[in-house]
Amino acid sequence: ASYLLQHEPQLFESAVEAELEALRAQREYDLAEESQRERDAVQNGADAQEHTALRRRISEYNINERTRIVTELLYLMVCAKFQRLDVPLIPPMKGRGSSNVDLTGLRSWHALVREDIY
């Protein structure tokens with residue numbers, strides 16, 4: 001998605017939407033599979049419970065990975081919105097002071113972003 005944002009911005013939005021839809025479908029599949037495994041564990045006893053514990057850890061990993069991906073995609077969507085508005089992202093000011101950054105347009109684009117969010 002980052003590549004598309006930089007080199008093919010017209011494809012970025014559809015690619016992000018497709019990725020988010022794929023992540024949603026994977027989450028629904030994982031939830032259905034997990035509930036089936038829990039039913040099997042109840043029916044099959046102790047061996048199935050050990051297997052279920054391993055599967056639960058794998059599921060937790062997948063959830064964390066999906067969360068990380070969604071967070072990154074949301075960040076890229078915000079960056080894309082700033083690009084469409086022709087608003088430069090402000091570099092970190094820590095350790096540099098405010099003399100290197102022109103903040104004169106801050107109020108105008110802040111209002112645009114606020115209007116778009118709310």
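Predicted model: local features only at pLDDT ≥ 70, side-chain atom pairs only at ≥ 80, totals over all residues.
User: Which residues line the largest cavity?

Analyst: Glu-34, Arg-37, Glu-38, Thr-52, Arg-55 and Arg-56.

User: And which helices supply at least two residues of that lining?

Analyst: Helix H2, residues 9-44, and helix H3, residues 46-84. Each of them supplies at least two lining residues.

User: What volume does the largest cavity have?

Analyst: About 40 Å³. The structure holds one cavity of 30 Å³ or more.

User: How does anyone find empty space like that? What gets rolled over the atoms?

Analyst: A probe the size of a water molecule is rolled over the atoms, and that shows where empty space is left.

User: OK, switching to charges. How many salt bridges does the structure hold?

Analyst: Seven.

User: Start with Arg-57. What is its salt-bridge partner?

Analyst: Glu-60. The closest N and O atoms are 2.8 Å apart.

User: Where do Glu-60 and Arg-57 sit along the helix?

Analyst: Both are in helix H3, three residues apart. That separates them by about one helical turn.

User: Is Arg-57 buried or exposed?

Analyst: Arg-57 counts as exposed, because its relative accessibility is 58% and the cut-off for exposed is over 50%. Glu-60 is at 35%, so it counts as partly exposed.

User: What does Arg-68 pair with?

Analyst: Arg-68 forms a salt bridge with Glu-72, with the closest N and O atoms 3.4 Å apart. Both residues lie in helix H3, four residues apart, about one turn of the helix.

User: What are the accessibility values for Arg-68 and Glu-72?

Analyst: Arg-68 has 43% relative accessibility and counts as partly exposed. Glu-72 is partly exposed too, with a relative accessible area of 41%.

User: Now the network. Which residues do salt bridges with shared partners join?

Analyst: Glu-21, Arg-24 and Glu-28 are joined into one network.

User: What's the N to O distance between Glu-21 and Arg-24?

Analyst: 2.3 Å, in a salt bridge between their side chains. Both residues lie in helix H2, three residues apart, about one turn of the helix.

User: How accessible are Glu-21 and Arg-24?

Analyst: Glu-21 is at 39% relative accessibility, so it counts as partly exposed. Arg-24 has a relative accessible area of 33% and is also partly exposed.

Methods
Residues numbered from 1 in each chain as written. Heavy atoms only, no water. 1 Å grid on protein atoms, 1.4 Å probe; cavity = no way out; pocket = protein on both sides within 12 Å on 5 of 7 lines; lining within 4 Å. Points joined across faces, edges and corners; volume = space filled by probe spheres on them. Salt bridge = Lys/Arg side-chain N within 4 Å of Asp/Glu carboxyl O. Buried < 20%, exposed > 50% of the residue type's maximum accessible area, 1.4 Å probe, protein only.
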